[in-house]
Amino acid sequence: MDSGMISKIEKAMLYAKEPERILFNSFSLSFNGDHEQHKVTYNSSKWQCDCSYFQDRGVCSHIMTLERVLKNSVQLAEIPETLPYMDSGIISKIKKAILYTEEKERLTFNSFNLIFNGDHKQHQLSYDGNWNCSCSYFSTHGVCSHVMTIERLLGAAVTPAEGIPSIA
Ligand SMILES: [Zn+2]
Ligand SMILES: [Zn+2]
C-alpha cells in the first residue's frame with residue numbers, strides 16, 4: 001500500500017464523522033425485515049417503502065432505520081399531519097428502528113447516487129454494485145477517500161470497491 005492510499009484511508013475516517021458532507025439524490029435497497037423483505041426507495045427527498053405500514057402512515061420502521069443510518073445525508077420522511085403520530089404503534093416502530101440501525105446486514109443497497117462535498121470540490125458518486133466517483137484519484141485507483149467514506153457508513157450493505165492494484 002502506497003502512502004497516497006494511506007492518506008486517503010485516513011481522510012475517509014475523518015469524513016465518516018461528517019455525514020453532512022454527503023447528500024443522497026436517490027437510492028434503492030432491499031431491507032430484510034423480521035418477516036419479509038421490503039423494497040425502499042428514496043428519490044429527490046421522497047421516500048417509498050412497499051410495506052403496509054408505510055401505505056397508511058407515510059413512514060415505517062424501515063425508513064426510520066435508514067434515517068438513522070444516513071443521518072444528515074437524507075431528508076426526513078414527511079408524516080401526514082392528519083394522522084395521530086405518537087400512538088403505541090409508531091412507538092414500537094421507532095424502537096424497532098433503533099435495533100435495526102445496529103443490524104446493517106439487513107440492508108442491501110442496489111443503487112445510489114449522491115453528492116460528496118470534499119475539501120476542495122464537489123464530487124458525484126454512484127453505485128450499482130460497481131462504484132464510480134468523479135474525482136481524479138478514483139479514475140486512476142478505482143477507489144478514493146469518498147468511496148471509502150461511504151463504505152464505512154454503509155458497512156455490509158454495499159459491496160466494497162475493487163481498487164486497482166498499484167504496480168509500484
Ligand atoms: Zn417499510
Ligand atoms: Zn472520489
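In what order do the strands of the open sheet lie? Reading across, the order is β3-β2-β1-β4-β5-β6. Bear in mind as you look around that this is a predicted model.

## The sheet

The open sheet has 6 strands, and their pairing is antiparallel. At its edges sit β3 (46-49) and β6 (131-133), each of which pairs on one side only. Ignoring direction, neighbouring strands here are turned by 10° against each other on average.

Take a look at the β6 end. Strand β5 (residues 122-127) runs antiparallel to β6, and 3 bridges join the two. For one of the residue pairings, find serine 126: its bridge partner is asparagine 132 in β6.

## Helices on the sheet

Helix α3 packs on the sheet, where it touches β1 (22-32), β2 (37-43) and β3. The direction of α3 makes about 55° with that of β2.

Then there's helix α6 (residues 145-154), which also packs on the sheet.

## Where α3 meets α4

Helix α3 (residues 61-70) has a helix partner too: its axis and that of helix α4 (residues 88-101) come within 8 Å, crossing at roughly 50°. That angle is why α3 counts as oblique to α4. The crossing is right-handed.

Which residues make the contact? From α3 come Ser61, Met64, Thr65, Arg68 and Val69. On the α4 side you'll find Lys93, Ile94, Lys96, Ala97, Tyr100 and Thr101. Sorted by class, the contact of α3 with α4 has 5 nonpolar, 3 polar and 3 charged residues.

Terms used:
Residues are numbered from 1 along each chain as its sequence is written. Chains are lettered from A and ligands numbered from 1 in the order in which they are written. This is a predicted model: local features need pLDDT of at least 70, side-chain atom pairs count only at pLDDT 80 or more; totals for chains, interfaces and linings use all residues. Axes are lines fitted to C-alpha atoms, for helices over the stretch in contact, and angles run from 0 to 180 degrees between N-to-C directions. Helices (H or I, at least four residues) and strands (E, at least two) are DSSP runs, numbered from the N terminus. Angles under 35 degrees count as roughly parallel, over 145 as roughly antiparallel, 65 to 115 as roughly perpendicular and the rest as oblique. A crossing is left-handed if the near helix is turned anticlockwise from the far one by less than a right angle, and right-handed if clockwise. Two residues are in contact if their C-beta atoms, placed from the backbone, lie within 7 Å. Ala, Val, Leu, Ile, Met, Phe, Trp, Tyr, Cys and Pro count as nonpolar, Asp, Glu, Lys and Arg as charged, and the others, Gly among them, as polar. Two strands pair if DSSP finds at least two bridges between them.
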